[in-house]
Every structure is written in structure tokens, then in C-alpha cells.
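Biologist: I would like to learn how to read a fold from its coordinates. Could we go through one feature at a time?

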Amino acid sequence: MITLSVDAMGGDIGLAVTAPAATNFLQRRPDAQLIMVGDQAQIQTALQQANAPMTRISIVHASEIVGMDEAPQYALKNKKDSSMRIAIQQVKDGNAQAAVSAGNTGALMATARFVLKTLPHIDRPAIAKFLPAENDSLTLMLDLGANVDSTPEQLHQFAIMGNELYRALYPSQNAPKIGLLNIGTEDIKGTEIVKQAFQLLQQSPINFIGNIEANQIYSDQADIVIADGFVGNIVLKTIEGTAGFMAGIIKQEFQRNLYTQFSALTALPVLKNFKRRLDPRRYNGAIFLGLRGIVVKSHGGTDATGFAFALEEAYQEAQADSMTKIEQGISEKLATA
């Protein structure tokens with residue numbers, strides 16, 4: 001049985017999202033159970049309204065909520081009984097195999113790092129996320145915002161962590177292709193940090209394919225893309241904005257006149273599939289890599305469908321025993337580096 005702890009109060013919407021998402025997730029995963037953390041009375045009411053299977057849900061009371069605009073250090077110091085912190089503590093105490101929260105990203109990272117600590121040989125955790133790519137494949141990208149600047153050694157560590165996570169989730173892919181995000185494919189391009197990271201990655205026992213450019217992220221050329229958090233976060237937000245822009249333009253064009261509206265009816269199956277493949281909710285759930293435990297961050301403004309996908313991401317990692325495999329792989333590849 002896979003057990004996940006859930007920050008039931010976190011995010012822009014809180015229980016109105018987490019309770020129905022929990023119900024949906026448990027209906028699809030009969031071998032899972034949840035620990036819902038937050039105000040006990042409110043959680044109980046929300047779960048009953050969502051017709052949740054209470055036999056596979058336990059509630060742990062927490063008296064505080066971390067606000068979406070609170071400073072990470074303030075939340076860490078002053079919100080010791082927050083639903084976010086108690087949910088992470090469930091992983092630390094061995095009661096859950098992974099924690100999921102839609103709360104304040106900075107506070108979640110600071111709290112997770114304080115409670116769980118980092119893995120040996122890892123300087124800083126990174127935020128990783130699977131993005132849609134060609135041929136129905138997925139590309140893992142990190143760091144997406146945990147570190148605004150990184151050393152060459154830390155970029156190397158991100159690559160190792162990404163490599164081991166990918167192998168844990170997709171064991172048939174023994175040597176995932178790893179690319180370093182740069183302004184050109186030549187090894188002489190980029191900042192000094194990126195060029196030094198290139199040299200480290202070349203010497204590392206991973207399948208490093210060299211530099212890739214941002215317009216290649218959607219291709220299946222690389223299974224894993226490495227960048228520092230400043231660049232990675234900008235890329236992620238640009239991707240999200242572009243997807244929304246494209247969807248809006250397509251809708252406008254099909255609504256332009258009666259002819260285009262009729263064309264939309266004939267193209268409806270294609271449009272629905274297009275929308276499904278690019279639906280950001282399907283890829284909701286960023287992974288905090290480098291910690292002694294699994295923590296998944298959901299988008300704060302997502303709906304119940306999106307939060308259920310974040311729960312699914314945590315479930316997949318727990319089921320694959322990803323933390324054990326990541327720690328073992330890091331030890332093998334970085335201990336002697």
C-alpha cells in the first residue's frame with residue numbers, strides 16, 4: 001500500500017481542490033491511502049461532501065496554514081504547526097512515502113530542506129518537472145526555480161539526480177539522454193559556468209549528449225534537460241505562456257465567421273486531442289530532487305484534476321522506490337567525483 005501525505009489546506013483554493021482531488025485519486029488507485037493534514041473539522045466536512053472513501057484516509061490536525069505570499073524564512077520559523085510542515089513531517093517519520101502540497105513554493109522548499117535534509121554529495125535541491133515532447137514522450141527538466149544561480153558542480157549534480165530519477169521511473173531506459181541547455185550546441189558557447197559544467201558532464205558516467213537549445217526541448221532529442229533555476233524557470237513560464245497563447249489564437253480563428261465555425265465542428269476530434277495533449281494539468285506536479293524524501297509541488301492555482309495528477313506523480317515515485325534508487329545512484333556517481 002502506497003501512503004501519501006497531503007497538505008490539504010495549501011494552494012490558492014485549498015480544500016475545495018484537495019478534497020475532490022483526493023477522492024478522484026483514490027478511486028483510480030485502490031492500492032493507495034492518504035494522510036490529509038490540516039484543520040480536522042474542515043477536512044472531515046470537505047471529504048464527506050466529496051464522497052471520499054474514508055476507509056483509506058486518515059486526518060492529522062494542523063492548526064496553521066502557510067500563506068501563498070509569506071516569506072519562506074518566516075513560515076519556517078513561525079509556522080511550525082502548519083499543514084505544510086506536518087505533511088512533510090509524515091515523510092520524515094516514515095508514516096508516508098511522499099508528501100504533496102500546492103502551497104507557497106519557497107516555503108515548501110525551505111521547510112522540506114529543513115525537515116528532510118539533503119542527500120549526501122548534494123549541495124542544493126532542485127525542482128524537476130516532466131514536460132510533453134514529440135512522439136508522446138516526456139522530457140524531464142531541472143532546475144526550474146529552486147536555485148537562481150548554480151555552480152558547474154551543482155549543474156553536474158542536477159544531471160546525476162535527473163538521470164537516477166528517470167531510470168527509477170523508466171527502468172527500461174538504462175541510459176537516458178541528457179542535454180545541457182545553452183545558447184548554441186557548440187561547446188565553446190555559453191557562460192563560463194555552463195562551459196565548465198559541459199566539461200564535468202562529459203567526464204561523468206552518464207549519457208551526456210552535449211548542449212541543446214531551447215527550441216529542442218519539445219523534441220525527443222534529450223530525455224533530460226539541465227539548466228540553472230533562473231533560466232529553467234523562465235523557460236517553464238515561457239512554455240506555459242506560449243501554450244496558452246496558441247490555444248487562444250486557435251479559438252479566435254475558428255470563431256472568426258460562420259465558415260470557420262463550421263470548420264471547427266469538423267476538426268473537433270483533432271482539437272480535443274490537441275487540448276488534451278497540451279493541458280497543463282496533465283503535467284502538474286514538480287519534484288523536489290536532492291532531499292531525503294519525496295516531496296511533490298502542485299501548481300497553487302490548479303483545479304481538482306490538476307491536483308490529482310500531482311498525487312499521481314507522487315504515487316509513481318513512491319511505487320518506483322525512486323528515493324532509494326536516486327540515493328544509490330548519486331553515491332555511485334558522485335562519491336568519487
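Biologist: In which sense do strand S10 and strand S11 pair, and over how many bridges?

Modeller: This is a predicted model. Strand S10 (residues 286-289) and strand S11 (residues 294-297) pair in the antiparallel sense, over 2 bridges. Within that pairing, Ile287 has Val296 in S11 as its bridge partner.

Biologist: In what order do the strands of the sheet stand?

Modeller: The open sheet is formed by 11 strands in the order S3-S2-S1-S4-S11-S10-S5-S6-S9-S7-S8, with mixed pairing. Strand S3 (57-61) and strand S8 (208-212) are at the edges; each has a single partner strand, so one side of each lacks a neighbour in the sheet. From one strand to the next, the twist averages 25°.

Biologist: Which strands does helix H8 lie across?

Modeller: Helix H8 (residues 229-254) lies across strand S5 (126-132), strand S6 (138-142) and strand S7 (178-181). The helix runs at about 30° to S5.

Biologist: How should I read a helix such as H6, and what span should its 18 residues have?

Modeller: Start with the general idea. An α-helix has 3.6 residues a turn, so residues three or four places apart point the same way. For the case here, helix H6 (residues 152-169) should span 26 Å at 1.5 Å a residue, and its end C-alpha atoms are 26 Å apart, which agrees.

Biologist: Is H6 mostly covered or mostly uncovered?

Modeller: H6 is mostly covered, as 16 of its 18 residues are buried.

Biologist: How many salt bridges are there?

Modeller: Again, the idea comes before the case. Side chains of opposite charge can pair when their charged atoms come close. With a cut-off of 4 Å between nitrogen and carboxyl oxygen, the count is 10 salt bridges. One of the pairs is Asp303 with Arg281, at 2.8 Å from N to O. Asp303 is in the loop between S11 and helix H11 (304-319), and Arg281 is in the loop between helix H10 (268-278) and S10, so the pair ties together parts 22 residues apart in sequence. Asp303 is partly exposed at 30% relative accessibility, and Arg281 is partly exposed at 29%.

Biologist: Where in the chain are Arg292 and Glu327?

Modeller: Their side chains meet in a salt bridge of 3.8 Å, N to O. Arg292 is in the loop between S10 and S11 and Glu327 is in helix H12 (residues 322-334), so this pair links distant parts of the chain, 35 residues apart. Arg292 is partly exposed, with a relative accessible area of 44%.

Biologist: Which residues are linked in a network of salt bridges?

Modeller: Arg28, Arg29 and Glu312 are linked in such a network.

How values were computed. Residues numbered from 1 in each chain as written. Predicted model: local features only at pLDDT ≥ 70, side-chain atom pairs only at ≥ 80, totals over all residues. Heavy atoms only, no water. Pairing = 2+ DSSP bridges. Helix = DSSP H or I, 4+ residues; strand = E, 2+ residues; numbered from the N terminus. Axes fitted to C-alpha atoms, helices over the stretch in contact; angles between N-to-C directions. Contact = heavy atoms within 4.5 Å. Expected span 1.5 Å × (residues − 1). Buried < 20%, exposed > 50% of the residue type's maximum accessible area, 1.4 Å probe, protein only.
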